Structure formats: structure tokens, C-alpha cells
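User: I would like to learn how to read a protein model. Can we go through one together, feature by feature?

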Amino acid sequence: MQTEIIKDLMKEYKRPFYIYDEKVIGDQIQELKTNFPEFEFLYSIKTNPNKDVIKFIAQNDIGSDSASKNEVFKSIDAGMPKEKIIYSSAGKTKQDIEETYDKCIITADSYHELEVINEVAKEHNIVLRVGVRINSNYAIEGGDILPNKFGIDEESLLPHKEFIDSLKNIKICGIHVHLKSQILNYETLYNYYKDVLELAVFCVDEMGFDMDFVNFGGGLGVAYSQRENELEIESLGQKCRELINEFKEKLNCRLIIESGRFIVCKSGTYITYIIDKKVSRGANYLIVANGYNGFHKTTLAEMVKGYAQGPLEDIHAVEPLFTSYDAYEVKVLNKSQEKEEVTVCGNLCTAADLIGKNLVLPKAEIGDIIAITNAGSYGFTLSPILFSSHDIPYEIYLNSKNQAIISEY
Ligand SMILES: Cc1ncc(COP(=O)(O)O)c(C=O)c1O
């Protein structure tokens with residue numbers, strides 16, 4: 001953590017901010033490129049749509065996993081070429097398709113959407129190459145194969161072949177599968193990738209898809225807490241190399257992995273400061289600026305902990321809102337050797353606005369800076385920043401020369 005830079009920035013701007021460290025993003029991208037030379041990567045813009053973050057990622061030749069038409073536009077603004085922008089989300093409107101069909105590759109999410117895309121293409125007198133998201137017949141964590149709002153069910157493909165073939169203004173040229181985020185076991189990912197490749201071969205052989213790409217979706221996890229081990233990315237890369245070799249006779253197309261948190265999570269830190277310190281019936285409280293309305297994750301984790309009926313480790317993640325009860329670390333940026341048990345809260349008019357209850361932290365004073373780690377993914381973008389009309393935190397992008405580029409709202 002760039003503590004001195006953070007302190008200087010707080011002195012200058014006097015309000016909470018997110019800071020994103022370009023060096024960390026660069027290192028993560030390098031990890032992916034080194035270990036998966038056969039794959040292309042798309043950055044899931046929703047994870048952190050900060051324009052400087054997207055721009056740097058684009059400069060590193062990573063494309064875009066866009067989940068809305070506006071994410072397509074952000075990707076274009078960042079300099080990404082059309083063929084590297086894949087627009088995939090449930091519930092696209094005809095207008096979304098109208099505004100993007102010539103700016104990216106659209107992945108249809110339903111049979112109805114295929115019809116709408118076909119209609120748009122017909123109106124423009126073209127044949128459009130599109131992807132399709134498939135809700136695959138694969139239980140990534142074992143157990144039953146459950147219904148899902150995303151994509152079209154794998155088993156419905158063959159019965160719909162005639163219907164798909166009747167859509168003369170589109171040609172299906174790729175498949176997209178995404179089942180789960182935040183996977184830390186490389187074998188789980190490997191088995192999943194294998195299943196997607198088998199599905200892709202089925203789509204070529206039985207459905208007649210003219211495959212330009214297979215998009216394996218996201219899932220690359222990061223170790224948020226001390227209890228977790230990082231994903232063994234080298235082992236996954238090695239196993240994938242063997243897998244691709246096995247399939248290379250049957251499939252010759254772009255192989256794509258989407259990633260959000262792996263690229264940006266660790267690059268981001270949320271920074272706030274202590275406004276007040278008080279004791280209530282023996283309990284110490286630190287009141288900071290923009291708690292829940294700055295970084296939502298701590299409050300949601302405290303809420304989930306409040307409802308827990310068993311061990312905290314057993315609580316299921318609800319990504320991207322709740323990862324685990326200890327998915328970040330709260331630090332005080334001072335040099336105090338003395339420790340104190342404190343409850344850290346934000347300054348909203350609700351008791352729910354908690355950053356951490358009964359934390360043992362270096363003894364802190366009013367004005368000290370609090371830093372919360374792992375805030376680069378699903379942080380600013382998912383936080384209720386307008387609540388109570390407080391000033392909105394800044395986002396600061398620290399480039400590799402340690403120059404701070406600020407985004408204000
Ligand atoms: C379709 C799709 N791809 C990729 C991602 C990114 O996942 P992650 O942040 O785990 O990399 C998500 C996250 O929700 C997603 O829905």
C-alpha cells in the first residue's frame with residue numbers, strides 16, 4: 001500500500017477516495033498472459049468501470065465483456081476494437097441492439113433475443129454474426145442442474161435447431177457460458193472448461209454453428225481472506241494447454257476467458273478518515289466519513305454476520321454483494337503501537353452503517369486515515385453513494401509513475 005501517497009492525497013482532497021494502483025493491475029494481466037498464451041481475455045467492465053482502469057486494460061490488448069450498451073460505449077471510448085467487445089447480458093432491448101449491432105459482437109441471451117437481433121439485421125439488410133449464451137448442463141459444484149435466468153438451456157438447443165436455422169439474417173458464430181465467479185480451485189475451473197469445449201464441439205457438429213469463438217466466461221478467483229489460498233494459476237494454465245491440444249483437431253477458433261476481479265480486486269483500496277471518536281457505555285466508536293455510502297461491502301458483511309446461525313466460514317457467497325465475512329482488511333494508517341478494541345461506523349443516520357464491530361486496531365485518533373483492502377472490484381460501482389447526500393468519494397488512479405489521476409462525480 002502506498003501509505004505516504006495516500007496521506008498526501010487525503011491532505012490535498014480532504015474526502016474519502018478509492019485508489020487504484022496501475023502496477024497491480026499490470027502484474028495481474030501479466031500473470032494471465034504468461035499462463036494462458038492460447039487464450040484471449042476480456043475484462044468484465046462492470047467489476048470496475050473507472051475510465052482510467054479500462055483505458056489501461058485496453059492498452060494491454062485485453063477486450064471487453066460488456067454487460068450493457070453503455071459498457072460497449074465505454075469500451076469504445078477506451079480504444080477497444082469492435083471484435084474485442086463482446087456484449088452479453090440478459091434482457092437487451094431492441095434499442096440496445098440497434099445502438100450496438102455494428103460496434104461489437106452481440107451474444108444473444110434467449111430465443112426471443114435471437115429473433116429481435118434477426119429483425120434488426122433484416123431491417124439493415126445484413127447477415128449478422130452473433131454469439132449465444134448457453135446455460136450448460138453442468139453442475140459446477142456437483143448436485144442438481146438448476147434453472148437459471150441466463151442464456152438458453154443446453155438441452156433445448158437441438159429441439160430449436162429448425163427455429164435457429166430459420167433466422168436468415170443471423171449466423172451463430174460463438175458460444176458463451178458462465179456459471180460461477182470467485183473459483184479458487186484450479187481443478188474445478190479445468191473440469192468446467194473441458195465441459196464447455198465438449199459443448200462447443202456439439203454446437204459445431206450437431207447445430208452447425210460456424211464457430212469464431214468459445215467464451216468460457218469468468219470465474220478466476222482471488223484469495224480475499226487469510227484463510228484462502230490463491231488460485232494455482234500456473235497449474236491451471238498447464239492443464240489448459242494439454243486440454244487445448246486434445247481439442248485442436250475439432251475446434252479452431254478464438255478461446256476467450258472473461259475476468260473482472262482477478263484483474264482489479266487487489267489494485268483497489270478504499271480510503272476514509274476518522275471524523276469522531278466516542279465511548280458509549282464502555283464501547284469505543286470510531287465514526288468515519290462515507291462508510292456504507294462509500295464502500296458497501298463491509299456493511300453487507302456485517303449484516304450477513306448478524307443473521308448467521310452457524311460458523312461464519314459456512315455462509316454462502318452472494319456475489320458480487322457478499323464474498324465472505326472477512327473479504328477485506330481494515331487498517332489504520334498511523335504508527336501507533338498501542339491496540340484498542342473499536343467499532344468502526346460510517347456517518348449515516350442508520351445503525352446498519354458498520355465497517356467492523358469490535359475490531360482490534362492500532363489506537364486511532366480523529367483525523368487518522370482508515371484503509372480498506374480488496375476494494376478494486378465491485379466497490380465504487382455497487383455502493384449506494386447518493387444516500388444521505390454526502391459528498392461522493394473520489395476515484396484516484398495511480399499510474400506507474402505514481403501520478404494520481406482523479407475522477408470526480
Ligand atoms: C458473464 C460474466 N462474466 C464474467 C464475470 C466476472 O466475474 P469475476 O469478477 O468473477 O471475474 C461475471 C460476473 O458476474 C459475469 O456475470
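Analyst: We will go from the overall shape to the domains and then to the cores. First, a caution: this is a predicted model, where local features need pLDDT of at least 70, side-chain atom pairs count only at pLDDT 80 or more, and totals for chains, interfaces and linings use all residues. Residues are numbered from 1 along each chain as its sequence is written, and side-chain values use heavy atoms, with hydrogens and water left out.

User: How many helices and strands does the chain have?

Analyst: Helices (H or I, at least four residues) and strands (E, at least two) are DSSP runs, numbered from the N terminus. Here the chain has 11 helices and 18 strands.

User: Which domains does the assignment give?

Analyst: Domain bounds come from an automatic or database domain assignment. In this chain they are domain 1 (3-17 + 266-407) and domain 2 (89-259). Their centres, taken over C-alpha atoms, are 36 Å apart. Contact means heavy atoms within 4.5 Å. By that test, 11 residues of domain 1 are in contact with nine residues of domain 2.

User: What share of the residues count as buried?

Analyst: Buried means under 20% relative accessible area, exposed over 50%, partly exposed in between (1.4 Å probe, protein chains only). Of the 409 residues, 53% count as buried.

User: Which residues have the most contacts inside the largest nonpolar core?

Analyst: In soluble globular proteins, nonpolar side chains tend to be buried together. A nonpolar core is a set of buried Ala, Val, Leu, Ile, Met, Phe, Trp, Tyr and Cys residues joined through side-chain atoms within 4.5 Å. The largest one here has 103 residues, and L114, I175, Y193, V214 and L220 have the most contacts inside it. Helix 8 (residues 186-205) gives the largest share of this core, 11 residues. Domain 1 and domain 2 each supply at least three residues to this core.

User: What does Y193 touch?

Analyst: Leaving out residues up to four places away in sequence, Y193 touches F216, L220, L236, C240, L243 and I257. Apart from this core lies another, of 12 residues, among them I271, L333, Y394 and L398.
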